[in-house]
Amino acid sequence: MKKQLNVGMIGAGFMAKAHSMAYASMPMFFTNTEATPYRKTIVDVTEELAKAAAERLGFENYSTDWRSVVEDPEIDIIDIVTPNDSHAEIAIAAAKAGKHIISEKPLARNAKETKEMLEAVQQAKVRNMVAFNYRKTPAVALAKKFIDEGAIGKIMNFRGTYLQDWSADPESPLSWRFQKDKAGSGALGDIGTHVIDFAHYLVGDIAEVMATTQTWVKERPIQTGGIDSLGNVKGGNTEKGPVDVDDEISTLLRFKNGAVGSIEATRNAWGRHNFLTFEIHGEKGSLYFNYERRDELQVCFAEDGDDRRGYRTIYTGPAHPYGEGLWPIPGLGIGYSETKIVEVYHLIEAITKNQECEPNFLDGHKIALVSDAMLESAESQRWVRVDL
Ligand code: SOE
C-alpha cells in the first residue's frame, strides 16, 4: 500500500477544480510514486458552499475555518487556491504548522509578502511549490532540455506574450482580479507572471526592466455573488466600481547573462484566448512555443544546410518530457489538466524524495521582485534594476 498524503485545500473556486482533478488523476498517470494524494478537507466561506465543494470535488471533509485545517495533525499538504491577498497569511501559518505547501500564482501581491513566505518555509524546512503550471507542458520542458543541451547556443533574445480577451468587454465584472488590495496587480500578476516564469526557467534571472502599463477600462460593474467571474456575466449588476490595476503591460528586459527581450501581457486582446507564447533566439538556433498549440515545439537549427534551414514542428509525445506518464502516442494531445497533473506529480515526488519543488517559493519571490520592478518602472518611466 502506498503512503497517503492528505490534502487540505483552502478555497473552492476555479483553481480548486483544477487542483482537485489533478489529485484524483495523478495516480492513474504516474504510477511510480511512493505516495498518493488524498483529498481530505476543503474550506469555503460558508458551511453550505464548503459542503457543496466537498461533494463536487471529492473531499472527505469540509470546513469554514482554514486555521483549524492548517492545524489539523492529519493534514500533510496545504493547497492555497484563494485570491492573492490571503496567500501570505495562510502559507505562513501552514509553514509554522509544519505542512508542505502548494500555492496558486502569483505567490502573493508583492515581494514584501513573498519574502516573508519564503522565510517561513525555509525556517520550517517544509516543501513549497508555486503553481506556475505552464512550465509543466511537455513542449516547454523540451525547450528547456534543448537549451540545457546547448542545441541553440548562447541565448540572445527572449520574446514572451500572454494575451487573453476575457476582460476586453467593459461589462466583464469587477472581480477581485481588478482590485489592487486583493490582487496586487492586474494582467501583470495574473498572467504576465507566467511569462516571467518562462523567462527565468528558460533563459535565467532578469536583471533590469523598462515597462509601461495601461488601464483601458477604468470602471466595471460590481460583481454580485461568487468570488471569481471571468468574462461578461449577462444581466449582472449595473452599479460600477473603479479598476485600480493594469489591464495591459509591455516590458523590455535585460537578463543577468546578457540576453535581452520583452514581455507583453493583456486580458483585453479580442480574439486571443490563451495566447501564451515565447520565441527564443540563440546563436545556433531558435525555439517557438504557443500554448494555443501546446503539443508542438517549433525549432530551427542554424547548422541545418542553407537549402533546408527553417522552423520545423516537433509534436510532443512519449519520447518527450513527462511522456512516461502522459499519453502513449503523439497526437492524442494534452490540455490544461495534464499540466496540473504533472504539477501534482512533481509535488508528491518532491515531498517523498525530500527534494526542492520546481518552481518553489524562491522562484515565486524572484518573480514578485521582477513584477514590483516592472510596476516601479511603469511609474517612473525609467529602467529599474531587479533587486535579486
Ligand atoms: C485568468 O486570467 C487565468 O485564470 C489565470 O489566472 C491563470 O493563471 C491562467 O492560467 C488562465 O487564466
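Just after helix α4, G98 takes a positive phi of about 80°. The model is predicted, so local features need pLDDT of at least 70, side-chain atom pairs count only at pLDDT 80 or more, and totals for chains, interfaces and linings use all residues. Residues are numbered from 1 along each chain as its sequence is written, and side-chain values use heavy atoms, with hydrogens and water left out. Helices (H or I, at least four residues) and strands (E, at least two) are DSSP runs, numbered from the N terminus.

Helix α4 spans residues 87-96 and is mostly covered. Eight of its 10 residues are buried, where buried means under 20% relative accessible area, exposed over 50%, and partly exposed in between (1.4 Å probe, protein chains only). The buried residues are H87, A88, I90, A91, I92, A93, A94 and A95. They pack against β1 (3-10), α3 (66-71), β4 (77-80), β5, α5 and α10 (361-380). Contact here means heavy atoms within 4.5 Å.

E104 sits in the loop between β5 and α5. At 4% relative accessibility, E104 is buried. Its side chain makes a polar contact with the side chain of H19, at 2.7 Å. A polar contact is a pair of N or O atoms within 3.5 Å; within protein, one must be able to donate a hydrogen and the other to accept it, and residues adjacent in sequence count only if both atoms are side-chain atoms.

The chain is assigned two parts, domain 1 (3-131) and domain 2 (135-359 + 365-380). These bounds come from an automatic or database domain assignment. Taken over C-alpha atoms, the domain centres are 23 Å apart. The contact takes 38 residues from domain 1 and 44 residues from domain 2. About 3600 Å² is buried between the domains, and carbon and sulfur atoms give 70% of this area. Buried area is the accessible area (1.4 Å probe) that two parts lose on being put together, summed over both. F29, F30 and R127 supply 21% of the area that domain 1 buries against domain 2, more than any other three residues.

Polar pairing also occurs across this boundary. Between domain 1 and domain 2 there are 11 residue pairs in polar contact, both residues at pLDDT 80 or more. On the side of domain 1 that touches domain 2, α1 (14-29), β2 (35-43), β5 (100-103), α5 (111-124) and β6 (128-130) each supply at least two residues. The largest share, 10 residues, comes from α1. Three salt bridges are counted between the two domains.

The largest nonpolar core has 112 residues, and F158 and M374 touch the most other members. Such a core is a set of buried Ala, Val, Leu, Ile, Met, Phe, Trp, Tyr and Cys residues joined through side-chain atoms within 4.5 Å. Helix α8 (residues 187-202) gives the largest share of this core, nine residues. Both domain 1 and domain 2 give residues to the core, so it lies between them. Another core, of five residues, lies apart from it; W166, F178, V243 and V245 are among its members.

The structure holds 27 salt bridges. A salt bridge is a side-chain nitrogen of Lys or Arg within 4 Å of a carboxyl oxygen of Asp or Glu. K105 forms one with D190, the closest N and O atoms being 3.3 Å apart. K105 lies in the loop between β5 and α5 and D190 in helix α8, 85 residues apart. Both residues are buried. K105, R177, D190 and R267 are linked in a network of salt bridges.

K256 and D205 meet in a further salt bridge (3.7 Å, N to O). K256 lies in the loop between β11 (248-255) and β12 (260-266), and D205 in the loop between α8 and β8 (206-214), so the pair ties together parts 51 residues apart in sequence. K256 is exposed, at 56% relative accessibility. R309 and D306 also pair, at 2.9 Å from N to O. R309 is partly exposed at 40%, and D306 is exposed at 69%.
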